[in-house]
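I opened my notebook to record what I looked up in this structure. The entries follow in the order I made them.

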Amino acid sequence: MSRAVIAATDVPVWRNRSSKSQYASLARYVHPNTFRYRLRRAAEAGPLDLHDPDARFAAMLELRLAARPTE
């Protein structure tokens, strides 16, 4: 799975689960360690600092805007 796909699929799930890997891994049907590995890979894909709340918010906003249907 490419880093961009991981970022587009797993980061929103993680964010919507209050940034809790345990809950997000259940939603994605993977082991929590696998999910945390995917998050690290997504952070390596670009300037995404998962420890910075502002960076997480900006990333979530970008992902949501990118997912909106265009007219």
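This is a predicted model: local features need pLDDT of at least 70, side-chain atom pairs count only at pLDDT 80 or more; totals for chains, interfaces and linings use all residues.

Entry 1, Ser-25. I looked up what Ser-25 touches, leaving out residues up to four places away in sequence, and found Val-30, His-31, Pro-32 and Phe-35. Contact here means heavy atoms within 4.5 Å. Ser-25 belongs to helix H2. Helices are DSSP runs of H or I with at least four residues, strands are runs of E with at least two, and both are numbered from the N terminus. I noted Ser-25 as buried because its relative accessibility is 1%. The cut-offs are under 20% relative accessible area for buried, over 50% for exposed, and partly exposed in between, with a 1.4 Å probe and protein chains only.

Residues are numbered from 1 along each chain as its sequence is written, and side-chain values use heavy atoms, with hydrogens and water left out.

I counted 4 helices and 0 strands in the protein chain. Along the sequence the pattern reads α-α-α-α. The protein chain has 71 residues, and 30% of them count as buried. I also looked at contacts between residues at least 6 apart in sequence: 49% of these join residues at least 24 apart.

How do the axes of helix H2 and helix H3 cross? Helix H2 covers residues 21–28 and helix H3 covers residues 32–45; their axes come within 8 Å and cross at roughly 100°. That makes H2 roughly perpendicular to H3. The axes are lines fitted to C-alpha atoms, for helices over the stretch in contact, and angles run from 0 to 180 degrees between N-to-C directions. Angles of 65 to 115 degrees count as roughly perpendicular, under 35 as roughly parallel, over 145 as roughly antiparallel, and the rest as oblique. On the H2 side I listed Ser-21, Gln-22, Ala-24, Ser-25 and Arg-28, which meet Pro-32, Phe-35, Arg-36, Arg-38 and Leu-39 in H3. The residues of this contact divide into 4 nonpolar, 3 polar and 3 charged. For these classes, Ala, Val, Leu, Ile, Met, Phe, Trp, Tyr, Cys and Pro count as nonpolar, Asp, Glu, Lys and Arg as charged, and the others, Gly among them, as polar.

Tyr-29 lies in the loop between H2 and H3. I checked the backbone there: Tyr-29 has a positive phi of about 60° although it is not a glycine. Most residues other than glycine have a negative phi. Tyr-29 counts as exposed because its relative accessibility is 76%. Arg-17 is in the loop between H1 and H2. At 33% relative accessibility, Arg-17 counts as partly exposed. Beyond its neighbours within four places in sequence, Arg-17 is in contact with Tyr-23, Ala-24 and Ala-27.

How many cavities of 30 Å³ or more does a search of the whole structure find? The search finds 1. On a 1 Å grid over the protein atoms alone, a cavity is a set of points where a 1.4 Å probe fits but cannot get out, and lining residues have an atom within 4 Å of a point. Grid points are joined across faces, edges and corners, and a volume is the space filled by probe spheres set on the points. I listed the lining as Val-11, Trp-14, Arg-15, Leu-48, Leu-50, Arg-56, Ala-59 and Met-60. Helix H1 (3–16) and helix H4 (53–67) are the elements that give two or more residues to this lining. The lining divides into 6 nonpolar, no polar and 2 charged residues.

Pro-12 lies in helix H1 and is buried, with a relative accessible area of 16%. Pro-12 and Met-60 are 48 residues apart in sequence, with 6.4 Å from C-alpha to C-alpha. Ala-42, in helix H3, is buried at 3% relative accessibility. The C-alpha atoms of Ala-42 and Val-11 are separated by 7.7 Å, with 31 residues along the chain.

How values were computed:
On a 1 Å grid over the protein atoms alone, a cavity is a set of points where a 1.4 Å probe fits but cannot get out, and a pocket is an open set with protein on both sides within 12 Å along at least five of seven lines; lining residues have an atom within 4 Å of a point.
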